[in-house]
Amino acid sequence: MSLPNQVIDERFLRHRQRSTSLAGVIGGVLAISLFAYRCFIDHVWSWDLLVVSLTIVGVKVAVMIWSHFTD
């Protein structure tokens with residue numbers, strides 16, 4: 001057993017994976033909500049928020065598909 005396996009517990013890695021996933025989802029929802037607010041209330045298209053939102057959603061879906069076929 002190598003040193004990293006002795007120091008890093010599997011529970012820690014699973015917790016880190018869940019927290020990172022949750023942070024990504026919340027960040028995506030927040031970016032989409034802010035884009036929608038600016039679009040419908042202020043009547044301004046925030047292209048930067050749209051790009052960030054689509055990037056977060058695209059990466060999340062790509063990782064889900066990749067995980068489905070590699071696990």
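Trainee: Which residues form one aromatic cluster?

Mentor: Phe35, Trp45 and Trp47 form that cluster. The model is predicted, so local features need pLDDT of at least 70 and side-chain atom pairs count only at pLDDT 80 or more, while totals for chains, interfaces and linings use all residues. Residues are numbered from 1 along each chain as its sequence is written, and side-chain values use heavy atoms, with hydrogens and water left out.

Trainee: How is an aromatic pair read, and how many pairs does the whole structure hold?

Mentor: In general, a pair of aromatic rings is described by the distance of the centres and the angle of the planes. Rings of Phe, Tyr and Trp (its six-membered ring) pair if their centres lie within 6.5 Å; planes under 30 degrees apart are stacked, over 60 edge-to-face, and the rest tilted. A search of the whole structure finds two such pairs. One of them joins Phe35 and Trp45: the ring centres are 5.6 Å apart and the planes stand at 75°, so this pair is edge-to-face. Since Phe35 belongs to helix 2 and Trp45 to the loop between helix 2 and helix 3, the pair ties together parts that are ten residues apart in sequence.

Trainee: Is Phe35 buried or exposed?

Mentor: The term rests on relative accessible area (buried under 20%, exposed over 50%, partly exposed in between, with a 1.4 Å probe and protein chains only). Phe35 has a value of 13% and is therefore buried. Across the chain, buried residues make up 10% of the 71 residues.

Trainee: Where is Ser53 placed, and which residues does Ser53 contact beyond its neighbours within four places in sequence?

Mentor: Ser53 sits in helix 3. With a relative accessible area of 4%, Ser53 is buried. Contact means heavy atoms within 4.5 Å; leaving aside neighbours within four places in sequence, Ser53 is in contact with Ala31 and Ile32.

Trainee: What pattern does the chain follow along the sequence?

Mentor: Helices (H or I, at least four residues) and strands (E, at least two) are DSSP runs, numbered from the N terminus. The chain has three helices and zero strands, and along the sequence its pattern is α-α-α.

Trainee: What radius of gyration does the chain have, against that of a compact globule?

Mentor: The radius is taken over C-alpha atoms, and the globule rule is 2.2 Å times the number of residues to the power 0.38. A compact globule of 71 residues would come near 11 Å, but this chain has 17 Å. Along its principal axes, the C-alpha trace spans about 60 × 25 × 15 Å.
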